[in-house]
Amino acid sequence: MTSWRRLLLPTLVSLPVLAILLGLGTWQWQRLHWKAELLDRIALAEAGPAIPLTAARPQDWTKVAATGRLLHEREALLGISVRGGVMGAALLTPLQRDGLPPLLVDRGWVPLERGGPVQRPEGIVTIEGYVRPSEERSMVAARDDPAARRFYTMEIPAIGAALGLPDLAPFALVAVAPPGTSDAAIAATLPQPARSLPRPNNNHLGYVITWYGLALSLLGVFIVWARHRLKDPAA
């Protein structure tokens, strides 16, 4: 009994650590399956026709189509990115829809310096793309400049307030180039729309192996140490 009592404190210390490692591994396993299902849903949506937007809230990252009139006089810029050595940003334009709240549309990349004519279609247009949810600005995000209509976070309420459209839909539409459009054709137009629906990385299997591996290593080390401890009468 005395020998086993020597293991009590190390066991009480090791069990919570083991539980945490197993919990993290299980959480990543669940995330792995969730991400796989999300990628399958995105691939299925991309292969099928766009779903017309209605008053119902669409699912994030799904392929949809919206019809209305682009309010070019209320354009804004989002983020910053480099293409071909040229600094640019996403061009945001509200889409006025009949009987529905205006919808913020990310029409694609444009250079910050004038690099060619930007297409601004007039009249009724139909735009296909994917649904992007609103975001909350993080502590490390660059500071927005509402007066200049320059934003770095897709925080739709803040953008809507700056554009004088407080009733914007609570999600945005990211325009996607029609299927079969070549990279050269996309690069030759402004704004340059997205090429496809987003594909988030699914690297959770590596995390699963890491956390479960650490748990197994901890268990193995503890067993070896405990056997040595119990066999050593001087311990």
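Is Trp225 buried, partly exposed or exposed? I looked it up: Trp225 comes out partly exposed, at 32% relative accessibility. The cut-offs I used put buried under 20% relative accessible area and exposed over 50%, with partly exposed in between (1.4 Å probe, protein chains only).

**Ground rules.** I am working from a predicted model, where local features need pLDDT of at least 70, side-chain atom pairs count only at pLDDT 80 or more, and totals for chains, interfaces and linings use all residues. Residues are numbered from 1 along each chain as its sequence is written, and side-chain values use heavy atoms, with hydrogens and water left out.

**Domains.** I noted domain 1 as 3-41 + 202-231 and domain 2 as 62-188; such bounds come from an automatic or database domain assignment. Taken over C-alpha atoms, the centres of domain 1 and domain 2 are separated by 45 Å.

**Strand β6.** Next I went to β6, residues 124-133. Helices (H or I, at least four residues) and strands (E, at least two) are DSSP runs, numbered from the N terminus. Seven of the 10 residues in β6 are buried, so I wrote the strand down as mostly covered. I then checked its partners, where two strands pair if DSSP finds at least two bridges between them. Strand β2 (residues 63-70) runs antiparallel to β6, with seven bridges joining the two. In that pairing I found Lys63 opposite Tyr130 of β6. Strand β8 (residues 171-175) is also antiparallel to β6, joined by five bridges. There Pro133 stands opposite Phe171 in β8.

**Aromatic pairs.** How many aromatic pairs does a search of the whole structure find? I got two. The first entry in my list is Trp61 with Tyr130, a tilted pair at 6.0 Å centre to centre and 35 degrees between the planes. For the record, rings of Phe, Tyr and Trp (its six-membered ring) pair if their centres lie within 6.5 Å; planes under 30 degrees apart count as stacked, over 60 as edge-to-face and the rest as tilted. Trp61 sits in the loop between β1 (51-52) and β2 while Tyr130 is in strand β6, so this pair ties together parts 69 residues apart in sequence. Trp61 is partly exposed at 30% relative accessible area, whereas Tyr130 counts as buried at 11%.

My other entry is Phe222 with Trp225, tilted as well, at 5.9 Å centre to centre and 40 degrees between the planes. These two are three residues apart in helix α5 (residues 204-231), which means about one helical turn separates Phe222 and Trp225.

**Salt bridges.** I counted four salt bridges in the structure, each a side-chain nitrogen of Lys or Arg within 4 Å of a carboxyl oxygen of Asp or Glu. I followed up these:

- Arg120 and Glu75 meet at 2.8 Å, N to O. Arg120 lies in the loop between β5 (100-111) and β6, Glu75 in the loop between β2 and β3 (76-83), so the pair links parts 45 residues apart in sequence. Arg120 is partly exposed at 40%; Glu75 is buried at 14%.
- Glu135 and Arg132 meet at 3.0 Å, N to O. Glu135 is partly exposed at 33%, and Arg132 counts as buried at 19%.
- Asp183 and Arg195 meet at 3.0 Å, N to O. Asp183 is in helix α4 (residues 183-187) and Arg195 in the loop between α4 and α5, so the parts tied together are 12 residues apart in sequence. Arg195 counts as partly exposed at 44%.
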